[in-house]
Amino acid sequence: MQSHRQLIVEPVGLDIQALPRPVVWADIFGNANPVEIEIGMGKGTFLVDQARARPDVNFLGIEWARWFWRYACDRLRRNGCLNARAVRSEARFFLNEYVPDASVSVVHIYFPDPWPKKRHHKRRLIQADFMLLVRRILVPGGRFQVVTDYQEYFQQIESAVRAGGLNVVEYNRPGSAAEGEFVGTNFERKYRREGRPFFALAAVKPG
């Protein structure tokens, strides 16, 4: 916890109100490197590990919860991850309004809210219409990766991915994940201690 001091979001945190629609990645990052997006970055564990390990890739984190967004921005800044940016926004809105067609190489979603009650299933992020949006923003051959601990939601995700026109492929474990981990996020480590199962899926946009 960092409640004893201010969380500094600059220069990682982006002001969504100041961004053009659509964004110009080269203006945001100052280069033309590939862009990967993580939706629901939480405290930024995955983004920090990836940004440090892969300086030739640009990373954007999307997070709606203000405290997590501020915490992750501060953490990325302290770790010198200047190839990373983060925006506080609802994910579907940001992808739809700000992200250009065929401009993202990978979309990562790890442990999305499963909204387990049936009456809340409509609130789930990953549905067929959302996957059409993901398909639009991915470059040809671009990749979508998701991990969940909720089997019923995973089955829905798999159907949505196929309905969205992506081809399911073998899941690639990020290099920052420890042995036996799918991703290496805080949620995964917590759920592993609780003995939960994990379900992983990767898919690519046809070239």
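**Exercise 1. Which residue in strand 3 does Ile39 stand opposite?**

The model is predicted: local features need pLDDT of at least 70, side-chain atom pairs count only at pLDDT 80 or more, and totals for chains, interfaces and linings use all residues. Residues are numbered from 1 along each chain as its sequence is written, and side-chain values use heavy atoms, with hydrogens and water left out.

Solution. 
- Step 1. Locate the strands. Strand 2 covers residues 35–39 and strand 3 covers residues 58–63. Strands here are DSSP runs (E, at least two residues), and helices are runs of H or I with at least four, numbered from the N terminus.
- Step 2. Check the pairing. The two strands run parallel and are joined by five bridges. Pairing requires at least two DSSP bridges.
- Step 3. Read across. Ile39 faces Ile62 in strand 3.

**Exercise 2. Give the strand order of the sheet and find its edges.**

Solution. 
- Step 1. The sheet is open, with eight strands in the order 1-4-3-2-5-6-8-7. Its pairing is mixed.
- Step 2. Strand 1 (13–14) and strand 7 (167–169) are the edge strands; each pairs on one side only.

**Exercise 3. Describe how helix 5 meets helix 6.**

Solution. 
- Step 1. The axes of helix 5 (residues 128–137) and helix 6 (residues 151–163) come within 8 Å and cross at roughly 50°.
- Step 2. Helix 5 is therefore oblique to helix 6. The classes are roughly parallel under 35 degrees, roughly antiparallel over 145, roughly perpendicular from 65 to 115, and oblique for the rest.
- Step 3. Ala128, Met131 and Leu132 of helix 5 touch Ala160, Val161 and Ala163 of helix 6.
- Step 4. Sort the contact residues: six nonpolar, no polar, no charged. Nonpolar covers Ala, Val, Leu, Ile, Met, Phe, Trp, Tyr, Cys and Pro; charged covers Asp, Glu, Lys and Arg; the others, Gly among them, are polar.

Note on methods: Axes are lines fitted to C-alpha atoms, for helices over the stretch in contact, and angles run from 0 to 180 degrees between N-to-C directions. Contact means heavy atoms within 4.5 Å.
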